[in-house]
Amino acid sequence: MKPLLGISLKVISAVVFTMMSATLKTLSSRYPVGEIVFFRSAFALLPLLLWLKWQGDLINAVRTKNVVGHFKRGFIGTGAMYLGFAALSYLPLHDAIAIGYASPLMAVILAALLLKETVRAYRWTAVGIGFVGVLIMLSPYLNVGTFGGDLNAGPTLGAMLAFAGAFCSAGAMIQVRRLTETEKTGAIVFYFFIMASGLSLCTIALGWRMPDGPDLALFILIGILGGVGQILVTQSYRYADTSVIAPFEYTTMIWALLFGWFMFGDLPTFTVLTGATIVAATGLFIVWREHRLGPLRTKELQATPQRPGV
């Protein structure tokens with residue numbers, strides 16, 4: 001275990017993903033979402049395949065025992081990508097990322113409903129407080145007047161898209177948990193990029209725009225950044241426990257503020273910052289609580305008499 005290396009890789013991945021989102025936002029007003037999703041997914045395969053090849057076992061890394069599970073994860077994850085990218089068309093970068101913080105809270109609820117995980121009172125309380133923070137973040141957008149008279153545009157629509165994307169991301173998290181029971185990390189990521197590329201390619205019939213040279217370079221950059229970010233996240237969890245790594249996901253807000261300010265001249269409102277702080281604090285509390293309970297649960301399992309032959 002090398003916790004400092006793990007934390008460093010996680011923070012770098014947060015910078016890379018935020019840079020990807022900022023670059024994507026510069027293209028979102030000129031190109032359809034389906035085209036953006038395609039380039040982000042297809043070119044992410046390049047660093048992923050190079051990394052798996054470098055590890056020396058490419059074929060076994062992508063071998064799968066659960067094709068149906070990958071299809072489910074692909075549909076849900078691609079939906080989350082569509083919604084999240086569409087939200088960037090209408091929202092400042094930092095607001096879109098802050099609303100996305102609702103995803104881990106939704107994952108707790110879905111884990112209880114779908115995976116039958118035991119969620120104790122502390123976590124339910126934290127989730128409830130976290131959703132108060134989400135409502136605070138959404139409150140500036142919960143105003144019909146902000147639509148500007150057009151249901152197809154406006155920050156309110158963007159906020160709803162970001163919230164729906166967070167819900168789909170939570171569903172993708174649940175499906176990934178199921179896949180990890182039989183699948184390797186390389187296979188999970190590889191088949192997701194393949195599914196997202198194929199599904200988004202179908203939207204070409206709705207009308208894509210041929211990118212010029214500079215925009216094509218940006219599209220390729222988005223895909224490569226996405227692939228590199230995924231590799232960095234995967235590697236970070238090899239060097240430190242989840243409870244150590246997870247809190248540094250919230251550093252994305254720092255980078256989102258910086259990129260949003262320098263690239264787009266956007267500054268967050270006090271309301272959004274307050275809500276994001278509440279959501280981040282509840283997420284950190286859940287991580288801390290699980291870290292404290294981990295050793296206790298291990299002792300309970302060790303003290304539980306086992307049936308003969310188990």
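Student: How many helices and how many strands are there in the protein?
Tutor: This is a predicted model, in which local features need pLDDT of at least 70, side-chain atom pairs count only at pLDDT 80 or more, and totals for chains, interfaces and linings use all residues. Residues are numbered from 1 along each chain as its sequence is written, and side-chain values use heavy atoms, with hydrogens and water left out. Helices (H or I, at least four residues) and strands (E, at least two) are DSSP runs, numbered from the N terminus. On that basis the protein has 0 strands and 14 helices.

Student: What percentage of the residues in the protein is buried?
Tutor: Buried means under 20% relative accessible area, exposed means over 50%, and partly exposed lies in between (1.4 Å probe, protein chains only). Of the 310 residues in the protein, the buried share is 45%.

Student: Among contacts between residues at least 6 apart in sequence, what percentage joins residues at least 24 apart?
Tutor: Contact means heavy atoms within 4.5 Å. Among the contacts between residues at least 6 apart in sequence, those that join residues at least 24 apart make up 87%.

Student: How are helices α3 and α11 oriented to each other?
Tutor: Axes are lines fitted to C-alpha atoms, for helices over the stretch in contact, and angles run from 0 to 180 degrees between N-to-C directions. The axes of α3 (residues 45-55) and α11 (residues 213-239) come within 8 Å and cross at roughly 40°. Angles under 35 degrees count as roughly parallel, over 145 as roughly antiparallel, 65 to 115 as roughly perpendicular and the rest as oblique. The two helices α3 and α11 are therefore oblique.

Student: Which residues of α3 make the contact with α11?
Tutor: On the α11 side, the contact is made by Ile-224, Gly-227, Val-228, Ile-231, Thr-234, Gln-235 and Arg-238. On the α3 side, the residues are Pro-47, Leu-48, Trp-51 and Gln-55.

Student: What is the handedness of the crossing of α5 and α10?
Tutor: Helix α5 (residues 67-88) and helix α10 (residues 185-201) pack at an angle of about 60°, with their axes 8 Å apart. A crossing is left-handed if the near helix is turned anticlockwise from the far one by less than a right angle, and right-handed if clockwise. The crossing of α5 and α10 is right-handed.

Student: Which residue meets Lys-10 in a salt bridge?
Tutor: A salt bridge is a side-chain nitrogen of Lys or Arg within 4 Å of a carboxyl oxygen of Asp or Glu, and the whole structure holds 2 of them. Lys-10, in helix α1 (residues 3-28), counts as buried at 4% relative accessibility. Its partner, at 2.9 Å (N to O), is Glu-249.
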